[in-house]
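This report describes selected local features of one protein chain.

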Amino acid sequence: MNNFGLKSLKRIKECHIDLQTIAYELIKVMDVTILCGHRNEIDQNNAFINGKSKLQWPQSKHNVLPSLAIDIAPYPIDWKNIDKFNEMCDHVERIAKDKGIKIRLGRDFSFKDYPHVEII
């Protein structure tokens with residue numbers, strides 16, 4: 001059975017309860033890691049400067065507590081394995097639908113942010 005590491009568990013706790021629910025259901029069917037939950041002002045602006053976010057502080061759903069966005073990746077991370085990211089996104093969509101949670105996936109953005117999941 002898959003389990004979250006300590007960093008992932010810390011990041012999950014920063015997220016909205018619906019995102020926590022999705023993450024805990026997802027780990028049951030696929031090994032994943034939590035890359036990001038909440039981002040403070042410094043982290044958000046660094047993500048923007050480094051091209052990892054399209055938004056500056058405080059415009060991202062990552063910038064509130066609890067965070068309304070979470071970044072998840074299949075583990076081990078292989079950024080080139082888009083099939084694995086799509087598999088993960090399919091699981092996330094199914095879990096959210098089954099739980100009645102309304103989400104938007106970053107894979108549906110024009111710039112394809114596969115790890116990103118947000119509450120709508």
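## Basis of the description

Helices and strands are DSSP runs, numbered from the N terminus; a helix (H or I) has at least four residues and a strand (E) at least two. The model is predicted.

## Packing of α1 and α2

Helix α1, residues 6-13, packs on helix α2, residues 17-29, at an angle of about 150°, and the two axes are 9 Å apart. Because angles over 145 degrees count as roughly antiparallel, α1 is roughly antiparallel to α2. On the α1 side the contact is made by Leu9, Ile12 and Lys13, and on the α2 side by Gln20, Ala23 and Tyr24.

Residues three or four places apart in an α-helix point the same way, since there are 3.6 residues a turn. Leu9 and Ile12 of α1 are among the contact residues, as are Gln20 and Ala23 of α2.

## Cis peptide bonds and a positive phi

Most peptide bonds are trans, and most residues other than glycine have a negative phi. Against this background, the bond from Leu65 to Pro66 is cis, with omega near -5°. Pro66 belongs to the loop between α3 and β2.

Tyr75 and Pro76 are likewise joined by a cis peptide bond, with omega about 0°. Pro76 is in the loop that runs between β2 and α4. Lys112, which is not a glycine, has a positive phi of about 50°; its place is the loop between β3 (103-105) and β4 (116-119).

## Salt bridges

Nine salt bridges are found in the whole structure.

## A nonpolar surface patch

Tyr75, Ile77 and Trp79 make a nonpolar surface patch of about 350 Å². Tyr75 is located in the loop between β2 (69-74) and α4 (82-99), and this residue also takes part in the cis bond to Pro76.

Notes:
Residues numbered from 1 in each chain as written. Predicted model: local features only at pLDDT ≥ 70, side-chain atom pairs only at ≥ 80, totals over all residues. Heavy atoms only, no water. Patch = residues over 30% accessible without salt bridge, like charges linked within 9 Å, V, L, I, M, F, W, Y side chains within 5 Å. Areas by Shrake-Rupley, 256 points an atom, 1.4 Å probe, with all protein chains shown as cover. Salt bridge = Lys/Arg side-chain N within 4 Å of Asp/Glu carboxyl O. Axes fitted to C-alpha atoms, helices over the stretch in contact; angles between N-to-C directions. Parallel < 35°, antiparallel > 145°, perpendicular 65-115°, else oblique. Contact = heavy atoms within 4.5 Å.
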